[in-house]
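This briefing is meant to be read with the sequence and the coordinates side by side. Please keep both in view while working through the topics below.

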Amino acid sequence: MNGAGEAVQSTDTSDARSRSGTVTVPSSNGAATAARAERYEPARGILSRVLELPKRLFQVAFRVVPYPTRPRLIRIGSPGRRSPVLVTTNYDLTVRRVCRALSGIDCWLLVAPAAGVDVWCAASGGRFSIESVISILKTTRIGELVDHRRLILPELCATGINLFELRRRTGWAGVFGPVEAADVPEYLRTRRKPQAMMRVSFDRKQRLEMAAAMWGSLSLRYTLFPCLAFGWRIAPWFVLLLALFCSGIALGCFVLPGKTFVQKAGVLALPGVAGLIAVLAFGGRPELLFVLKWTLLLGLAAFLSGTAFPSYSPLWPCGYSKLFYGACDLKLAVLEERCIGCKLCDLVCPVDCFAASEDRKMLFVNPDLCVGCGACVIQCPTEAIVNQVAEDHRLQTACG
Ligand code: SF4
Ligand code: SF4
């Protein structure tokens, strides 16, 4: 579902092909309903995999670039009228990974229009919305192929799709599935979503994949600038520096000192700067320019990598206050009197901010973990979660 989410982040890159065709599913009264759906077929054979390789490499290295695939209905296995219906965005990489994770299960997959962007970014940026879901429900006529009205949505779209609003406007009940596409088969089998399926883990494999994406994007966008200052020969060195910083931050993000990624990147740059100072101290006169040039390049590569990294995982959303000061724009609080204990906030939180009290009211117990995604605020049915910053400001204004 949430293909790599995206943070969905299954790292399997096996490809999927699908074949268009009309599906006929007999209804309970014996009448047959026909609608168009594509059949998922895993790619087989070395040749087809080799032919797909450039696309796969491009998608990994330039993951920030939207890569749309056609919005459509895909049937996986031999789904029937009671088979689950899952939804994801039309980001090609996500669709391939979700299909791969679901192969072996009889289900329907709706590929909703979302500008070819992954689930997390599309939902947070308003591209994956209730309108996207309405559009794919109508154009595929999935309602004619199944007897139920339940949609399984990727958890990371909770920042953009309110379940109550979805039900009101479509008649379809939505539930949020696991964060990782790889967990969907287990979730479908047990219909349970343990803690590990709800949280973004961002393991080493995923972080390295993100490092490749970050490196590709930064190299493409910024190599020109040092070249304009120091000539074209500097290009491979700058690209190499970016690769070192991106992989260093990805591998060391949980252990490097520093509250923000700019600080962590600064720590990584320190040995290089120390080496340059040593050159200056013990080298000859021409070394001054050399040291200045490389200090500048190091600083630029560190700064670019440090500022880019937060937007590559739901664990660290971008936002300048978070980026430079480690502060979150949201300061949330749960209003106890409004909380009905439905736990929806906990179900959609990508980190682990909430815990239930003895009387089943939700408590905001880990404010330091909050990444300010807003998913809990959007999903809370009773508006029990408020932004304290806005509330304080409102009260101050009212008192003033
Ligand atoms: S979503 Fe709202 S009402 Fe439900 S448990 Fe959380 S704070 Fe309470
Ligand atoms: S508590 Fe923070 S991180 Fe968790 S869902 Fe709410 S805004 Fe997002």
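In this predicted model, strand 6, helix 5 (residues 163-170) and strand 7 together form a β-α-β unit, and that unit is right-handed. The two strands of the unit, strand 6 and strand 7 (residues 173-176), run parallel and are joined by four bridges.

**Strand pairing**

- Strand 7 has G174 and F176 on its covered face, whereas A173 and V175 lie on the uncovered one.

**Helix 8**
- How far apart are the end C-alpha atoms of helix 8? They are 26 Å apart, which agrees with the 27 Å that the 19 residues of this helix (residues 204-222) should span at 1.5 Å a residue.
- The buried residues of helix 8 are Q206, R207, M210, A211 and A213, together with the run M214, W215, G216, S217, L218 and S219.
- Among the elements that cover these buried residues are helix 1 (46-61), helix 10 (235-252) and helix 12 (287-308).

**Ligand surroundings**
- Ligand 1 is surrounded by 14 residues, of which C339, C342, C345, M362 and C380 are the closest.
- By class, the shell around ligand 1 comprises eleven nonpolar residues, two polar residues and one charged residue.
- Around ligand 2 there are 14 residues, and those that come nearest are C349, C353, C370, C373 and C376.
- The shell of ligand 2 holds twelve nonpolar and two polar residues, with no charged residue, whereas one charged residue is found in the shell of ligand 1.

Key. Residues are numbered from 1 along each chain as its sequence is written. Chains are lettered from A and ligands numbered from 1 in the order in which they are written. This is a predicted model: local features need pLDDT of at least 70, side-chain atom pairs count only at pLDDT 80 or more; totals for chains, interfaces and linings use all residues. A residue is near a molecule or strand if its C-beta atom, placed from the backbone, lies within 6 Å of it. Ala, Val, Leu, Ile, Met, Phe, Trp, Tyr, Cys and Pro count as nonpolar, Asp, Glu, Lys and Arg as charged, and the others, Gly among them, as polar. The expected span of a helix is 1.5 Å times one less than its number of residues. A residue is buried if 20 or more other C-beta atoms lie within 10 Å of its own, exposed if 12 or fewer, and partly exposed in between; C-beta atoms are placed from the backbone. Two residues are in contact if their C-beta atoms, placed from the backbone, lie within 7 Å. Two strands pair if DSSP finds at least two bridges between them. A crossover is right-handed if, with the strands pointing away from the viewer, the path from the first strand over the helix to the second runs clockwise.
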